[in-house]
2 protein chains.
Amino acid sequence: MIDKLSSKPVYEQIVDGVERNILLGLYPVGEQVPSVRELSVGLGINPNTIQKSYTELIRRGVICSSPGSGCFVTPDARDRIRRRAMERLPQLTALAGELLLAGVRAEELYAAIECAVKNENK
Amino acid sequence: MIDKLSSKPVYEQIVDGVERNILLGLYPVGEQVPSVRELSVGLGINPNTIQKSYTELIRRGVICSSPGSGCFVTPDARDRIRRRAMERLPQLTALAGELLLAGVRAEELYAAIECAVKNENK
DNA sequence: CAGGTGTACTATTTCACATAGTACACCAAA
DNA sequence: TTTGGTGTACTATGTGAAATAGTACACCTG
């Protein structure tokens, strides 16, 4: 689940993974998220790295911490995640622009999007 | 043109910039590309960093070097760049998939692509 | 009280990136 | 032939983010 060889930092992979599990319903709203030490031993990652990920998730308002009890999924976690995703639409436009400039045809771009849409509905 | 504060390494920015200039016709096929030292002083970047970018461009077959004379745009540079772009289509699909999972609607994705297409044709 | 929780430190290691400086072989024009 | 610009190679150094290691403390709950 965690790729230490990836160019994307481990702590970012963990952030993405937690958000993904929230979206998939594996981490229900209001429920407790795995503890720092639990995730640490489960993933074989240093606790400080997990802590860094959780600090980021707290900053994003996706989870909230109750020192002594644990970290819990925020009631509006899904909304927060969705809003952040909306702000990433320009990334999609930029990437599409690069490919267009390189000579990729528009239909091929639309086909790539359609591919993602089809994968989503199954 | 070069953003030293960007998360993208300078040498990658230079690679992208050269390929972009080739696609735009600013660096015509067969013509000489700016020399290492020339780009170095022009961009205020260390020659070794420019050299690293050129080594990558040579590896991609986009330019070829003639020691003593300079580096020149390969006859099939555009094809090479286009093929590499085609291989990046999965990136577009993956990004679209992430946004879909986060709750972004398909129409919004298509709109983002259309935005890129419109910018291209002007 | 005891155990699990989040949190805060400092220190260390690793690695990619970028820079600095030097040197050499090559080609073309004067 | 000489001169100047070209690519290329090499070592050394500095920088910053990322990750690890270890310790410590405050908090909540059973």
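**Reading a predicted protein–DNA model**

Tutor: Of the atoms of DNA strand C within 4 Å of the protein, 59% belong to sugar or phosphate and the rest to bases. The model is predicted, with local features needing pLDDT of at least 70 and side-chain atom pairs pLDDT 80 or more, while totals for chains, interfaces and linings use all residues. Residues are numbered from 1 along each chain as its sequence is written, chains are lettered from A and ligands numbered from 1 in the order in which they are written, and side-chain values use heavy atoms, without hydrogens and water.

Student: Which residues come nearest to DNA strand C?

Tutor: A residue is near a strand if one of its heavy atoms lies within 4 Å of it. Among the 25 residues around DNA strand C, the nearest are S65(A), G68(A), V10(B), N48(B) and T49(B). For G68(A), a backbone N or O atom is 2.9 Å from a base nitrogen of DNA strand C.

Student: How is the area buried between chain B and chain A to be read?

Tutor: Buried area is the accessible area (1.4 Å probe) that two parts lose on being put together, summed over both. Here it is about 3300 Å², and carbon and sulfur atoms give 73% of that. L92(B), L101(B) and Y110(B) supply 18% of the area that chain B buries against chain A, more than any other three residues.

Student: How many salt bridges does the rule find across this interface?

Tutor: A salt bridge is a side-chain nitrogen of Lys or Arg within 4 Å of a carboxyl oxygen of Asp or Glu. The rule finds two between chain B and chain A. R88(B) and E98(A) form a salt bridge through their side chains, at 3.1 Å from N to O.

Terms used: Polar contact = N/O pair within 3.5 Å; in protein donor to acceptor, adjacent residues only side chain to side chain.
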